Amino acid sequence: MRKIIIMIMVCSLLVLTGCGEELPEDELVKTETGFEDTRQDMEASNFPVFREKSVQEERHFYTMPELKEEVKNLLEDRYWPEVNLSAAELERLTGITEDMYVDFLAEREVLDAHIDTMIIIHAKEDYVGDIERAIEDYRSAVIEKNRNYPQNLSKAQASRLETIDDYVCFVQLGADTTSLADKGHEAMMAHCLEENEKALYVLEQAILQGL
């Protein structure tokens, strides 16, 4: 009888031990540890879609006036364009029509004798190449027109055209180059190129930040 009782006790212990070794997989979810792991996995930062949305919300899409202000803030009183061109005037000067772009900004100096100019055109995708060619033709015409005006010629030849994504940017800046006149054409060109590169740099930073 004693042996039977001992065997019954041993079997009972084995059964209890076996039940405690492992819980079914669906039961693990109900444990405290399981719920904590689930909450961590569901954080928005673990999902690329939510992360991308968060980044997009932080971006600032620059308007044309804001792009101009970026350049003006950099160059300060060395930014001389102050007259806004209308769509009709832009078309007359460059041949670029309203159906070719989403938006634009074009500014030049009041007097025709001064040629500081900035043009930014947000081109429609199919017209980027056409607008680039139109601006190149406009640039060539300005150079030819100022062959007999050394200071303006330096500015025209130092002008820069650059396409940033689908924004076609033309800068012909330099402000007052009178003090460099006695140093010759190369010195005036170098100065104007530097100003144009500065303008393009801030435009690129602002435009690409918004994309």
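Contact, in this tour, means heavy atoms within 4.5 Å. Helices (H or I, at least four residues) and strands (E, at least two) are DSSP runs, numbered from the N terminus. The model is predicted: local features need pLDDT of at least 70, side-chain atom pairs count only at pLDDT 80 or more, and totals for chains, interfaces and linings use all residues. Residues are numbered from 1 along each chain as its sequence is written, and side-chain values use heavy atoms, with hydrogens and water left out.

**The whole chain**

Begin with the entire chain in a cartoon view. Its secondary structure comes to 9 helices and 5 strands, in the sequence order α-α-α-α-α-β-α-β-β-α-α-β-β-α. Of the 211 residues, 34% count as buried; buried means under 20% relative accessible area, exposed over 50%, and partly exposed in between (1.4 Å probe, protein chains only). Among the contacts with a separation of 6 or more, 62% are between residues 24 or more positions apart.

**Helix H9**

Select residues 185-209. This is helix H9, with 25 residues, and the distance from its first C-alpha to its last is 36 Å, close to the 36 Å expected at 1.5 Å a residue. The expected span of a helix is 1.5 Å times one less than its number of residues. Colour the buried residues of H9, including Met188, Cys192, Glu195, Asn196, Leu203 and Ile207. Which elements cover them? The covering elements include helix H5 (64-75), S3, H8, S4 and S5.

Next select His191, also in helix H9. Leaving aside neighbours within four places in sequence, His191 is in contact with Gly174, Asp176, Thr177 and Leu180. Ala158 is 33 residues from His191 in sequence, and their C-alpha atoms are 8.7 Å apart in space.

**Helix H7**

Move to residues 128-145, helix H7. This helix has 18 residues and reaches 26 Å from its first C-alpha to its last, close to the 26 Å expected. Its buried residues are Val128, Ile131, Ala134, Ile135, Tyr138, Arg139, Val142 and Ile143. They pack against helix H6 (87-94), strand S2 (101-108), strand S3 (117-123), helix H8 (150-158), strand S4 (160-164) and strand S5 (167-172).

Gly129 is also found in H7, and at 23% relative accessibility Gly129 counts as partly exposed. A line drawn from its C-alpha atom to that of Asp166, 37 residues apart along the chain, spans 9.7 Å.

**The nonpolar cores**

A nonpolar core is a set of buried Ala, Val, Leu, Ile, Met, Phe, Trp, Tyr and Cys residues joined through side-chain atoms within 4.5 Å. The largest has 24 residues, and those with the most contacts inside it are Ile96, Tyr101, Ile119, Ile121, Ile131 and Ile135. H6, S2, S3, H7, H8 and S5 each give two or more residues to this core. Which element gives the largest share? That share, 7 residues, comes from H7.

Not counting residues up to four places away in sequence, Ile96 touches Leu90, Glu91, Tyr101, Ile121, Ile131, Ala134 and Ile135.

**An aromatic pair**

The structure holds 2 aromatic pairs. Rings of Phe, Tyr and Trp (its six-membered ring) pair if their centres lie within 6.5 Å; planes under 30 degrees apart count as stacked, over 60 as edge-to-face and the rest as tilted. Select Tyr138 and Phe170, which form an edge-to-face pair with 5.8 Å centre to centre and 80° between the planes. The pair links distant parts of the chain, with Tyr138 in helix H7 and Phe170 in strand S5, 32 residues apart. Tyr138 and Phe170 are both buried.

**Two positive phi angles**

Most residues other than glycine have a negative phi. Select Glu76, in the loop between H5 and strand S1 (83-84). Although not a glycine, Glu76 has a positive phi of about 55°. Is Glu76 buried or exposed? Glu76 is exposed, with a relative accessible area of 54%.

End the tour at Asp165, in the loop between S4 and S5. Asp165 is not a glycine, yet has a positive phi of about 55°.
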